[in-house]
Amino acid sequence: TFVPGWDDRWVFFYEGNVTDGKTREWCGTSRACYDAFDEEAKNRAFKFIRRAVEEDKPFYVAWWPLLMDLGSNSPNKTFESVQRGMVGEGYENFLDPAFGELMDLLEELNVKNNTLVVSMSDNGPMTHNPPPGMGMGEGVFRGGKGDFLEGGVRVSAQASWPDVIPPGSRAHDMIHVTDLYTTFAKLGGGSALDCIPTDRIIDGIDQTALLVEGDSNGRRDHVFIYVGPELGASVKNQYKMHWRSSDPLQAASGITSVFELYNDPREVSPMVVEGLHFKEPFKRMRARHDLWIEKYPHAKTNKGPAFTDIENAREETRELTSNAPVDLGDLPFDVNAFMTYELPFDASGARDGM
């Protein structure tokens, strides 16, 4: 939350606690806190792993480094990586060494061989107006973060499990981030499976066979890619249909575009004649998807006043909730209606001026 002229009356880091259910701020809003976050997260993850092994318990850790070095765009910064950009600096100075520390820790604790470690990116590069010096650009795939093109969603992923996965193995199968949830639950077995909710649709597919048996044993052959709340594209094996596009292709005029990703990874030459027999199957595929959602609607996102129940809130944070910059009673609308209002979505950018 940022309020112009309110100095540091905003919240940078806050966390929940599964033990007591309380929410707390961590550190503060200083540059020192910003720079310390990744190291703090790493130390907590390592401490948790060590404690679990010492107590002879299985463990699951979700550790997502934020590469805070990406924000270090000071003119006095010295670049050391070959890439000479902030991304390369973050990889070389933190991510790669930290991953090595993780593997060393598992070896020290004598659990490396039977521990599955998955490393993957969260999205494609920030190719659209990235901060100066970020060092992000397109690779073989077109597009970047936020796009339904392959450059926005297809990312690198590696898995280490010495007792199961032979060194140097490669898999060309399709796997989606939601598959990690169900796969980890299946591998955990017992009470882990009991934790999977039964009151909602679970999108993930169990990919244990891919990890155990290797290439060509994946169980996913399709994925739906969204642009905000709208379906942007569907993928089936190496074929992909665009449902919307700002490119001067068939999708822009209401006629869906089909691409063959093996030979056209940048999605620039839609199959016209060759793609005719793909269109109806893709439409049936989408129909099933839409009808499934109609039967089991997406859960609504809860919204409300922010930062109202932080146990150790700083004085500046408390002012955000107790000393609003305007008299709420003078507003021409109910503040709760404002917080829950859903802006209309238009991926074409026509509403960018709103």
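Helix H2 has a kink of about 35°, centred on Glu-92. The bend at a residue is taken as the angle between axes fitted to the seven residues ending there and the seven starting there. The model is a predicted one: local features need pLDDT of at least 70, side-chain atom pairs count only at pLDDT 80 or more, and totals for chains, interfaces and linings use all residues. Residues are numbered from 1 along each chain as its sequence is written, and side-chain values use heavy atoms, with hydrogens and water left out.

The secondary structure of the chain amounts to nine helices and eight strands. Helices (H or I, at least four residues) and strands (E, at least two) are DSSP runs, numbered from the N terminus. The chain has 354 residues, of which 30% count as buried. Buried means under 20% relative accessible area, exposed means over 50%, and partly exposed lies in between (1.4 Å probe, protein chains only). Accessible areas come from the Shrake-Rupley method with a 1.4 Å probe; for residues, only the protein chains shown count as cover. Among contacts between residues at least 6 apart in sequence, 53% join residues at least 24 apart. A contact means heavy atoms within 4.5 Å.

Helix H2 covers residues 86-108. Its 23 residues should span 33 Å at 1.5 Å a residue, and its end C-alpha atoms are 32 Å apart, which agrees. The expected span is 1.5 Å times one less than the number of residues. Several residues of H2 are buried. Among them are Met-86, Val-87, Gly-88, Glu-89 and Gly-90. Further along H2, Phe-94, Ala-98, Leu-102, Met-103, Leu-105 and Leu-106 are buried too. An α-helix has 3.6 residues a turn, so residues three or four places apart point the same way. The cover over the buried residues of H2 includes helix H1 (31-54), strand E3 (117-120) and strand E4 (157-160). Just after H2, Asn-110 takes a positive phi of about 65°.

Lys-42 pairs with Glu-101, with the closest N and O atoms 2.9 Å apart. Lys-42 lies in helix H1 and Glu-101 in helix H2, so the pair ties together parts that are 59 residues apart in sequence. Lys-42 is buried, at a relative accessible area of 5%. Glu-101 is partly exposed, at 35%. A salt bridge is a side-chain nitrogen of Lys or Arg within 4 Å of a carboxyl oxygen of Asp or Glu.

The structure holds 24 salt bridges. One of them joins the side chains of Asp-20 and Arg-24, at 2.7 Å from N to O. Both partners are partly exposed: Asp-20 has a relative accessible area of 38%, and Arg-24 has 23%. Asp-20 and Arg-24 belong to a network of salt bridges that also links Lys-22 and Glu-311.

A further salt bridge connects Arg-244 and Glu-230, whose closest N and O atoms are 2.4 Å apart. This pair links distant parts of the chain, 14 residues apart. Arg-244 sits in the loop between E7 and strand E8 (257-260), and Glu-230 sits in strand E6. Arg-244 is partly exposed at 24% relative accessibility. Glu-230 is partly exposed as well, at 27%.

Positive phi values also occur in other loops. Cys-27, a residue other than glycine, has a positive phi near 65°. Cys-27 is placed in the loop between strand E2 (23-25) and H1. Its relative accessibility of 49% makes Cys-27 partly exposed. For Asn-237, phi is near 55°, again positive in a residue other than glycine. Asn-237 lies in the loop between strand E6 (230-236) and strand E7 (239-242). Asn-237 is partly exposed, with a relative accessible area of 43%.

Ser-257 lies in strand E8. This residue is buried, at 0% relative accessibility. The C-alpha atoms of Ser-257 and Met-271 are separated by 7.1 Å, the two residues being 14 apart along the chain.

On the surface, Ile-201, Trp-292 and Tyr-296 form a nonpolar patch with about 320 Å² of accessible area together. Patches are made of residues with over 30% relative accessible area and no salt bridge; like charges are joined within 9 Å, and nonpolar side chains (Val, Leu, Ile, Met, Phe, Trp, Tyr) within 5 Å. Ile-201 is found in the loop between helix H5 (191-194) and helix H6 (208-213). Ile-201 is partly exposed, at 35% relative accessible area.
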